[in-house]
Amino acid sequence: MPIIVWNADFILGVQQFDEHHHHLVDLLNQAYDDFIAGAGSDSINKILDELVDYATYHFAAEEHWMSEMSYPMFDEHRAEHNRFSSRVAEMLKDCNGDRMSLWLEVMTFLNNWLTNHILKSDARYGHYIAAKGISLHLV
Ligand SMILES: [Fe+2]
Ligand SMILES: [Fe+2]
């Protein structure tokens, strides 16, 4: 049972980033499936580490692209990414051991943050380029 159900609302129209978002959602769902199946901390931690690494890669790609596009909300957007990275690092540090309630807290945070960020903040750059008529294909 997925914690996030991927749906058409997540599609922003920038293919590369839509694929990145889909992968992030898949990783979170994998971690959640493991959690529900009673997997140990090591296995959940491994997937969430992968998610954080991938999020870092994705944020850098978005930020590079926004800068190229002279996106007016670039600074605020980057600050949101940075706050996320610090918060997740802090939460994962607290997850040593097998305290399952903490894993659930992390996954709930990831679910809320990813959903909100994609549907609100990331959606804004989708609207921005659509309004400007900029090609949706990345270089
Ligand atoms: Fe994104
Ligand atoms: Fe973003």
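Me: Which residues touch the most other members of the largest nonpolar core?
Reply: This is a predicted model, where local features need pLDDT of at least 70, side-chain atom pairs count only at pLDDT 80 or more, and totals for chains, interfaces and linings use all residues. Residues are numbered from 1 along each chain as its sequence is written, and chains are lettered from A and ligands numbered from 1 in the order in which they are written. A nonpolar core is a set of buried Ala, Val, Leu, Ile, Met, Phe, Trp, Tyr and Cys residues joined through C-beta atoms within 7 Å, where buried means 20 or more other C-beta atoms within 10 Å of a residue's own, with C-beta atoms placed from the backbone. In the core of 18 residues, the ones that touch the most other members are L24, L28, A31, L51 and M107.

Me: Which helix supplies the largest share of this core?
Reply: Helices are DSSP runs (H or I, at least four residues), numbered from the N terminus. At least two core residues come from each of α1, α2 and α4. The largest share, seven residues, is that of α1.

Me: Where does α4 bend?
Reply: A bend is the angle between axes fitted to the seven residues ending at a position and the seven starting there. In α4 this angle is about 40°, and the residue is A123.

Conventions. Buried ≥ 20, exposed ≤ 12 C-beta atoms within 10 Å, placed from the backbone.
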